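Okay, thanks for coming, everyone.

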Amino acid sequence: MLDNIIEIAREAGKFLKDNEGKISEIKEKGSFTNLVTDIDKGSEALIKNFIQKNFQGHGILAEESGASSPTSEYRWIIDPLDGTTNFTHAFPVYCVSIAVEQKGELVAGAVYDPNFDELFSAEKGGGAYLNGRRLQVTATDKLEKSMLATGFPYDVKSNPFNCIQHFEEFLVKAQAVRCLGSAALDICYVAAGRLDGFWEVNLHPWDTAAAVLITAEAGGQASGFNGEKYSIYQRDIVLSNGMIHDQMLEVIKKNL
Ligand code: IPD
Ligand code: CA
Ligand code: CA
């Protein structure tokens, strides 16, 4: 299963890279900050065709076309282009994210960044890898030594639950806070030990499914804002190397 996920994630990533600067249609999804391009759709079609050809009958949950075959025990969860806003600006931070659930449990996933040719992958119980190298989260145990990342919801202007309070407080309590514009890569960077933690308020299953499995397999921890066990079907997430998780939750809970 993982080999197939990797094969199509690489193919879709190459499609994105080949089409950078060649967007012919940009549409707004409800807000001028939430975009979809013909390239998002092309990447999604490529991935879905692959699944329909090789895994007939499997369920699919894809960002741009929704859910299908809900009765199958397998479900592919697809973000064909995570970081669309970056992509439309030719800002080279975006990726493809594909995960598979079996009976509701994440069993395999890959995130492919075609700009750095970096392939993050994991199978449940098998560890996490970056281009074949085993991943391990950091051992940073103090918030003031940590580097964190976050992102803001598309409705940041109207949504009172918008992360700005958290951002302000983490900015002064952590060593640094980054905002890359691709939640899947942010999370994989925690797995790779490039970041110590991440939080965000308004995510979807396709943003997090593959990367959360990868981070768990690299020894990381994920929860909701109240510290409850994280589900990809909830919108809020706190993710870390485990060591700073409670310190992050303290800041998060104070500003709920
Ligand atoms: C977005 C990115 C961004 C995050 C947004 C997501 P998209 O995904 O992951 O970093 O802040 O909440 O929706 O729309 O580029 O696939
Ligand atoms: Ca996304
Ligand atoms: Ca997307």
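This is a predicted model: local features need pLDDT of at least 70, side-chain atom pairs count only at pLDDT 80 or more; totals for chains, interfaces and linings use all residues.

Who's around it? Ligand 1 is surrounded by 15 residues, and the closest are Asp82, Gly83, Thr84, Tyr154 and Glu200. If you sort that shell by class, you get five nonpolar, five polar and five charged residues.

And where does the shell come from? Domain 1 (2-134) and domain 2 (143-254) each give at least three residues to the shell around ligand 1. By element, strand 5 (residues 74-82) supplies the largest share, with three residues.

Now zoom in on some contacts. Gly83 has a backbone N or O atom 2.7 Å from an oxygen atom of ligand 1. For Thr84, again with a backbone N or O atom, the distance to an oxygen atom of ligand 1 is 2.8 Å. With Asp79, a polar side-chain atom lies 3.2 Å from an oxygen atom of the ligand.

And how much of ligand 1 does the protein cover? On its own, ligand 1 has 380 Å² of accessible area, and the protein covers 94% of that.

Methods:
Residues are numbered from 1 along each chain as its sequence is written. Chains are lettered from A and ligands numbered from 1 in the order in which they are written. Side-chain values use heavy atoms; hydrogens and water are left out. A residue is near a molecule or strand if one of its heavy atoms lies within 4 Å of it. A polar contact is a pair of N or O atoms within 3.5 Å; within protein, one must be able to donate a hydrogen and the other to accept it, and residues adjacent in sequence count only if both atoms are side-chain atoms. Accessible areas come from the Shrake-Rupley method with a 1.4 Å probe; for residues, only the protein chains shown count as cover. Helices (H or I, at least four residues) and strands (E, at least two) are DSSP runs, numbered from the N terminus. Ala, Val, Leu, Ile, Met, Phe, Trp, Tyr, Cys and Pro count as nonpolar, Asp, Glu, Lys and Arg as charged, and the others, Gly among them, as polar. Domain bounds come from an automatic or database domain assignment.
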